[in-house]
Amino acid sequence: MTAGRKIRVLIVDDSAVVRQTLAHLINAAPDMEVMGTAADPFHAAQKLRTEAPDVITLDVEMPRMDGITFLRKLMSQRPVPVIVCSSLVGEGTRTMLDALEAGAVEIIQKPSVATKEFLEESAIRIQDAVRAAARARLSKRAPVSPQPKLSADAMLAKRKAPGAMAKTTQTIVAIGASTGGTEALRQVLEALPPFAPPILIVQHMPSGFTKAFADRLNQTTQITVREARDRDSVIRGQALIAPGNQHMMLQRSGANYYVAIKDGPLVTRHRPSVDVLFRSTAQSAGANAVGIIMTGMGSDGAAGMKEMRESGAHTIGQNEATCIVYGMPKEAMKAGAVAEEVDLNKIAGLIVRHGAETV
């Protein structure tokens, strides 16, 4: 893509209503346009012979050929950044995880006719997903214009961690990730020993998908991984993943930690927001924490990680060479929030090392 050219999107979905809705939301953004639509993968393949989109949005359940089969063929023959757009829930969310493993860079829920607020949030999520996919490391992409943000003030007021906060025997690890994060998190968590320090994760993912993501990780890791519930204890050997569409905050009662799961507005354009998790970790754990910012588009997490670093926490950023999208770590670096930037394959070792320092 050349500077100033719009991101060109191909929509592949068997529903005419969904194609029309997606096209409306995408065309409403000044930096992107729908280059075409297709009712199934065969029609999509015909369009791809004559035109090259920058991003494809892809349904999974379609006639003649399912989306996963098409995705695998596409990635083996002519890689294009793909966003899977689906209404699947429950067991169907496992299919979405198969899509990520097959090469999709993002998952979004299909927009539906609902409240004005819901459609506005759908527009934000869909447009941001397109921008992130266009910058994925499949090819060079144009920079995007800054977007309006809502800070973590919307969920909890900014304040310093208590100066007299005592060191505990528990180090809390807070991780934030977005585009490309599902695979990156898998690599990190699978490398951890059974008694790794407690881990809290915000991975930008739609409602209904985080449980299936956690369940799949739980099958391949030595630690316990599950979707967080309100007032869950934060303990060694366990990673809690924020539920899609809800914020997760670390809370402290004496020497014990637990999480609060809350509704609320989009923060830094996301719910759950990394900024909300990081700010609450700075306030509740202070120097007893490690913050990690991983692959993803945008600036979510940069402000919260700076607060963590100022509270005495150690902060780590995934480096550009190993990010699918070097956006969130880059913004955190620019904000002075990152103490060290490392390859993805070194993050698990740093978690173990810093988690053992206060034992």
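A helix here is a DSSP run of H or I with at least four residues, and helices are numbered from the N terminus. The model on screen is predicted.

**Stop 1: the second largest pocket**

Select helix 6, residues 181-190. Helix 6 gives 5 residues to the lining of the second largest pocket, the most of any element. The pocket itself has a volume of about 360 Å³.

Now colour the lining by residue class. What does the lining of the second largest pocket have by class? There are 12 nonpolar, 12 polar and 4 charged residues.

**Stop 2: helix 8 and helix 9**

Clear the selection and pick residues 274-285, which form helix 8, and residues 302-310, which form helix 9. The two axes come within 7 Å and cross at roughly 15°. Angles under 35 degrees count as roughly parallel, so helix 8 is roughly parallel to helix 9. Their crossing is left-handed.

Show the side chains where the two helices meet. On helix 8, select Asp275, Phe278, Arg279, Thr281 and Ala282. On helix 9, their partners in the contact are Ala302, Ala303, Gly304, Met305, Glu307 and Met308. Coloured by class, the residues of this contact divide into 6 nonpolar, 2 polar and 3 charged.

Terms used. Residues numbered from 1 in each chain as written. Predicted model: local features only at pLDDT ≥ 70, side-chain atom pairs only at ≥ 80, totals over all residues. Heavy atoms only, no water. 1 Å grid on protein atoms, 1.4 Å probe; cavity = no way out; pocket = protein on both sides within 12 Å on 5 of 7 lines; lining within 4 Å. Points joined across faces, edges and corners; volume = space filled by probe spheres on them. Nonpolar A, V, L, I, M, F, W, Y, C, P; charged D, E, K, R; others polar. Axes fitted to C-alpha atoms, helices over the stretch in contact; angles between N-to-C directions. Parallel < 35°, antiparallel > 145°, perpendicular 65-115°, else oblique. Left-handed = near helix turned anticlockwise from the far one by under 90°. Contact = heavy atoms within 4.5 Å.
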